[in-house]
Amino acid sequence: MSNTLAVSTTQLTKIFGEKVEKQVEGESMRMSKHNCKIIFVHGLGQSSSSWDETASLLSKDIKYASISLFSAAAEEKITYENLYHKFKEYCKQETEPLNLCGISLGAVLSLNYAIDYPARVRSLTLIAPQYKMPRLLLKLQNMLFSIMPEAYFQKDGFTKKGLIRLTNSMLDLKFEDKLSNILCKTLIICGEKDTANKRAAISLKRKIPTANLRLVKNAGHEVNVETPQWLADILNSFHADMNSPH
């Protein structure tokens, strides 16, 4: 499958529910003297547990929540618009400015939110991001999905129709003209082998004045799964730098 949005099927969990609650219950042990909390947002083909190893390697001064985007029960209602609405509702529950860290679809949601609510976002980490959807690649991807057997999708709780609906709902997303809205410190990350997203990551760095770019050697699309120690080290450094006096 294409790595454009890391699209594959996975075991889906309750939207913004079970995983978040489990992480939040343990967050009292992860309180930061700088009140630093990272909100991890996974991509298609992943789940909230895709961040587990990275999260386990974070500095003890950093707390985190790893949210779950999808629910098999709500699958027929999943579109980008609905996911973004749920994401906004989750973010409203946070009283402090947000440190968002998203990969692929999660990066798109995080970028969207930082554009719409710049004063609510303290920092932004975007892994394998897109700011203008690659329409041709997504259409080709959906053509491949359309000829694949339904059982391939159902085994993980998603339907072929539902997945195609979600990717179709993203075809017209364009953030290029609104990137100047982003005010927070931004870190863009992409695997050097992630050819579908590397060009967009490099271009996005040029378009966000507050952004820095890190390319990960020998890594593909799923940096959080492939190189969790490297990612944790970068996040520790990124947030330590923000919290240090200047």
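This note goes through the fold, the sheet, the salt bridges and one surface patch of a predicted model.

1. Overall make-up. The protein contains 10 helices and 6 strands, and of its 246 residues 55% count as buried. Among contacts between residues at least 6 apart in sequence, 80% join residues at least 24 apart. The accessible surface comes to about 11300 Å², and 51% of that area belongs to carbon and sulfur atoms.

2. The structure holds 6 salt bridges, and one of them is formed by the side chains of Lys 37 and Glu 94, at 3.0 Å from N to O. This pair links distant parts of the chain, with Lys 37 in strand S1 (residues 36–41) and Glu 94 in the loop between helix H3 (80–92) and S3, 57 residues apart. Are the two partners buried or exposed? Lys 37 has a relative accessible area of 12% and therefore counts as buried, the cut-off being under 20%. Glu 94 is likewise buried, because its relative accessible area is 16%.

3. Glu 176 forms a salt bridge with Lys 207, and the closest N and O atoms are 3.0 Å apart. Here too distant parts of the chain are linked, since Glu 176 lies in the loop between helix H7 (160–168) and S5, while Lys 207 belongs to helix H8, 31 residues apart. Glu 176 counts as partly exposed at 32% relative accessibility, and Lys 207 counts as partly exposed at 31%.

4. The side chains of Lys 185 and Asp 241 meet in a salt bridge of 2.3 Å, N to O. Lys 185 sits in strand S5 and Asp 241 in helix H10 (residues 228–243), so that the pair, 56 residues apart, links distant parts of the chain. Lys 185 counts as partly exposed, with 25% relative accessibility, and Asp 241 is also partly exposed, with a relative accessible area of 33%. Salt bridges that share partners join Lys 132, Glu 176 and Lys 207 into one network.

5. A nonpolar patch. Which residues make the nonpolar surface patch of about 400 Å²? The patch is made by Leu 136, Leu 137, Leu 140 and Met 143. Met 143 has its place in helix H5, which spans residues 135–147. Met 143 is classed as exposed because its relative accessible area is 52%, against a cut-off of over 50%.

Conventions. Residues numbered from 1 in each chain as written. Predicted model: local features only at pLDDT ≥ 70, side-chain atom pairs only at ≥ 80, totals over all residues. Heavy atoms only, no water. Patch = residues over 30% accessible without salt bridge, like charges linked within 9 Å, V, L, I, M, F, W, Y side chains within 5 Å. Areas by Shrake-Rupley, 256 points an atom, 1.4 Å probe, with all protein chains shown as cover. Salt bridge = Lys/Arg side-chain N within 4 Å of Asp/Glu carboxyl O. Helix = DSSP H or I, 4+ residues; strand = E, 2+ residues; numbered from the N terminus. Buried < 20%, exposed > 50% of the residue type's maximum accessible area, 1.4 Å probe, protein only. Contact = heavy atoms within 4.5 Å.
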